[in-house]
Amino acid sequence: MTLMTAPVDLLRARLGDTVKENVPLAPYTSARIGGPADIFITADTAAELIRVVSLLWKLGLPFTILGGGSNVLVSDKGVRGVVVMNRAKGVKFHAGDQPSVTAESGVVFSNLANRCASRGLTDLEWAATVPGTVGGAVYGNAGAFGGDMAGNLISAELLTGKGRERFSVEQMGYGYRTSVLKRGEIKGIILSAELGLHNSTKDDVTVKIQQFSAHRKATQPPGASMGSMFKNPPGDYAGRLIDASGLKGTRIGNAEVSPMHGNFFINHGNTRAADIRALIEKVQKTVKEKQGVDLELEIEFIGDWNV
Ligand code: EPU
């Protein structure tokens with residue numbers, strides 16, 4: 001292999017046919033928006049994830065990990081370099097007086113919550129309606145209905161420059177929708193997480209999940225979106241502020257501020273990432289003018305945003 005070998009050929013030689021080129025990312029996001037990844041690699045297990053990421057670090061190739069694609073806006077031009085699709089889905093329950101579950105980072109979080117329910121294990125009910133993967137939830141400290149990842153996590157296993165490392169919940173440096181990883185204080189990827197649970201009954205846990213689902217259905221819109229667009233500012237709610245600024249139903253192209261909940265931006269079909277971004281800026285500007293509050297994004301922009 002010479003230095004002139006294209007990255008994709010280098011990767012194919014080591015990883016085989018799982019390495020694809022020019023793959024549209026919209027279908028891999030909850031908003032159904034975004035251009036192609038130059039190179040797209042699927043990892044089906046944590047071991048594969050380690051192999052792929054170690055190789056990318058060694059080759060010095062930039063990469064982005066995609067889990068459920070629920071908290072990201074991928075640019076129209078897509079992602080230069082490599083996107084690693086995390087499909088590591090191993091789950092192991094630990095029974096006893098203090099039960100817990102270890103889940104690989106590509107596990108769909110809502111599925112995990114429902115699996116806990118069917119075993120009569122409580123504490124993850126809040127997550128049964130949260131989109132995205134365990135990895136995304138560990139990264140962003142996902143939360144709903146008074147619960148959040150910081151409240152459940154015992155420890156996370158990361159791959160860092162030093163190898164596999166176990167981070168306690170304290171070491172994750174959690175704040176509201178943030179962590180050491182999201183703030184870029186640590187370079188690493190999430191392999192798995194051990195979450196603390198308690199013993200309960202299948203019926204009790206299921207009833208709680210049904211209540212949360214009903215509440216979500218009544219207050220949050222269906223359709224393609226990124227979930228909550230902005231973080232709630234201290235002492236207030238982004239949705240309330242956007243509503244009070246008269247912005248619900250505002251549209252740019254096919255992107256709309258949901259008439260049902262102001263903090264959700266809906267893709268009505270073939271919406272460009274640029275339109276969502278323009279809508280974000282319009283909402284931030286208007287809320288600042290009318291309410292004097294700076295809204296901070298909860299979602300992250302990924303990909304090539306150069307114009
Ligand atoms: N409100 C309005 N108008 C609106 C929307 C909301 O006045 O258009 C008011 C509501 O009446 C309520 C308050 O704002 O008094 C808060 O709204 P809501 O109860 O819907 O909760 P939220 O703060 O908007 C948060 C999380 C959601 C999570 C729900 C349920 C954030 C940014 N969002 O929403 O998480 O599902 O609580 O617990 O923290 C996500 O992070 O992607 C997400 C969906």
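## Helix pair α3 and α6

Ala113, Asn114, Ala117 and Ser118 of α3 meet Lys202, Val205, Thr206 and Ile209 of α6. By class, this contact has four nonpolar, three polar and one charged residues. The model is a predicted one.

Two packed helices are described by the angle between their axes and the distance between the axes. For helix α3 (residues 109–118) and helix α6 (residues 202–219), the angle is about 145 degrees. Their axes lie 7 Å apart.

## The open sheet

Four strands form an open sheet. The order is β1-β2-β5-β3, and the pairing is mixed. β1 and β3 (63–66) are the edge strands, and each pairs on one side only. On average, neighbouring strands of this sheet are turned by 35 degrees against each other, direction ignored.

Strands of a sheet pair through backbone hydrogen bonds, either parallel or antiparallel. β1 and β2 pair in the antiparallel sense over five bridges. Pro24 has Pro36 in β2 as its bridge partner. Val23 has Ala37, also in β2. β2 and β5 pair in the parallel sense, over six bridges. There, the bridge partner of Ile41 is Val84 in β5. How much of β2 is buried? Six of its eight residues are, so the strand is mostly covered.

## Helix α1 on the sheet

α1 packs on the sheet and touches β1, β2 and β5. Its direction makes about 130 degrees with that of β1. After α1 comes Gly16, with a positive phi near 80 degrees.

Which residues of α1 are buried? In this helix (residues 7–15), they are Val8, Leu11 and Leu15. Why do they fall on the same side of α1? They cover an arc of only 65 degrees around the axis. The general rule is that an α-helix has 3.6 residues a turn, so residues three or four places apart point the same way. The cover over the buried residues of α1 includes β1 (19–24), β2 (36–43), α2 (46–59) and β5 (79–86).

## Salt bridges

The count of salt bridges comes to 13. One of them joins the side chains of Glu21 and Arg12, at 3.9 Å from N to O. A salt bridge here needs a side-chain nitrogen of Lys or Arg within 4 Å of a carboxyl oxygen of Asp or Glu, so 3.9 Å qualifies. Glu21 is partly exposed, with a relative accessible area of 44%. Arg12 also counts as partly exposed, at 33% relative accessibility.

Asp38, Arg80 and Asp304 are linked in a network of salt bridges. The side chains of Asp38 and Arg80 meet at 3.1 Å, N to O. This pair links distant parts of the chain: Asp38 sits in strand β2 and Arg80 in strand β5, 42 residues apart. The side chains of Arg80 and Asp304 meet at 3.3 Å, N to O. Here the link runs from Arg80 in strand β5 to Asp304 in the segment after β18 (300–302), 224 residues apart.

Asp304, at 17% relative accessibility, counts as buried, because buried means under 20% relative accessible area.

How values were computed. Residues are numbered from 1 along each chain as its sequence is written. This is a predicted model: local features need pLDDT of at least 70, side-chain atom pairs count only at pLDDT 80 or more; totals for chains, interfaces and linings use all residues. Side-chain values use heavy atoms; hydrogens and water are left out. Buried means under 20% relative accessible area, exposed over 50%, partly exposed in between (1.4 Å probe, protein chains only). Helices (H or I, at least four residues) and strands (E, at least two) are DSSP runs, numbered from the N terminus. The arc is that of the directions from the helix axis to the C-beta atoms. Contact means heavy atoms within 4.5 Å. Axes are lines fitted to C-alpha atoms, for helices over the stretch in contact, and angles run from 0 to 180 degrees between N-to-C directions. Ala, Val, Leu, Ile, Met, Phe, Trp, Tyr, Cys and Pro count as nonpolar, Asp, Glu, Lys and Arg as charged, and the others, Gly among them, as polar. Two strands pair if DSSP finds at least two bridges between them.
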